[in-house]
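Biologist: I would like to learn how to read a few features of a model. Could you take me through them one at a time?

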Amino acid sequence: MSNEQEFNGGFNEVDEEEAIVTLTLDDDSTLECVVLAIYPAGDNQYIALLPTDSDDDGEVLLYRFKELEDGEIELDNIEDDDEYEIAADAFDELLDDAEFEEMDEEE
């Protein structure tokens, strides 16, 4: 996993389909990301983010996601390899389901 990256700010609605978040990295640089999904896996919620300046490699960032009582959002790094595997597998399943639904709609 990468170095600690913490969430800064809130969701900025771009349109009904797309939400953008800004991460502040350890070196104080910022990274804007599109929210691909917020989903449950195991005992936690996770968020899948795609950097907007991403080259064609399409690297998706996964974080543990928590909405606090005051409405603030907290993102935590996934430090444990087993937990990361659970989160990544659940995200892959979401993608597979979305592809299946898309194919089904085309018929």
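Modeller: We will go from the overall layout to an aromatic cluster, some strand contacts, a loop residue and a charged patch.

Modeller: First, some ground rules: this is a predicted model, in which local features need pLDDT of at least 70, side-chain atom pairs count only at pLDDT 80 or more, and totals for chains, interfaces and linings use all residues. Residues are numbered from 1 along each chain as its sequence is written, and side-chain values use heavy atoms, with hydrogens and water left out.

Biologist: Which elements does the chain have, and in what order do they run?

Modeller: Helices (H or I, at least four residues) and strands (E, at least two) are DSSP runs, numbered from the N terminus. Here there are one helix and six strands, in the order β-β-β-β-β-β-α from the N terminus.

Biologist: How much of the chain is buried?

Modeller: A residue is buried under 20% relative accessible area, exposed over 50% and partly exposed in between, using a 1.4 Å probe and protein chains only. Of the 107 residues in this chain, 32% are buried.

Biologist: How many aromatic pairs are there?

Modeller: Rings of Phe, Tyr and Trp (its six-membered ring) pair if their centres lie within 6.5 Å; planes under 30 degrees apart are stacked, over 60 edge-to-face, and the rest tilted. That rule gives two pairs. The planes of Tyr39 and Tyr46 meet at 35° with ring centres 6.1 Å apart, so this pair is tilted. Tyr39 also forms a tilted pair with Phe91, at 6.0 Å centre to centre and 35° between the planes. Because Tyr39 is in strand E3 (residues 30–41) and Phe91 in helix H1, this second pair ties together parts 52 residues apart in sequence.

Biologist: Are the rings of this cluster on buried or exposed residues?

Modeller: Ring pairs link Tyr39, Tyr46 and Phe91 into a cluster. Tyr39 is buried, at 3% relative accessibility; Tyr46 is buried at 1%, and Phe91 is buried at 7%.

Biologist: Where is Asp28, and what is its phi?

Modeller: As background, most residues other than glycine have a negative phi. Asp28 has a positive value, near 70°. Asp28 sits in the loop between strand E2 (19–25) and E3, and is exposed, with a relative accessible area of 64%.

Biologist: Which residues form the negative surface patch?

Modeller: Patch members have over 30% relative accessible area and no salt bridge, and like charges are joined within 9 Å. A salt bridge would be a side-chain nitrogen of Lys or Arg within 4 Å of a carboxyl oxygen of Asp or Glu. The negative patch consists of Asp80, Asp81, Asp82, Glu85, Asp89, Asp92, Glu93, Asp96 and Asp97. Asp81 belongs to helix H1 (residues 81–106) and counts as exposed because its relative accessibility is 63%.

Note on methods
Patch = residues over 30% accessible without salt bridge, like charges linked within 9 Å, V, L, I, M, F, W, Y side chains within 5 Å. Areas by Shrake-Rupley, 256 points an atom, 1.4 Å probe, with all protein chains shown as cover. Lys, Arg positive; Asp, Glu negative; His and termini not counted. Charge placed at Lys NZ, Arg CZ, Asp CG, Glu CD.
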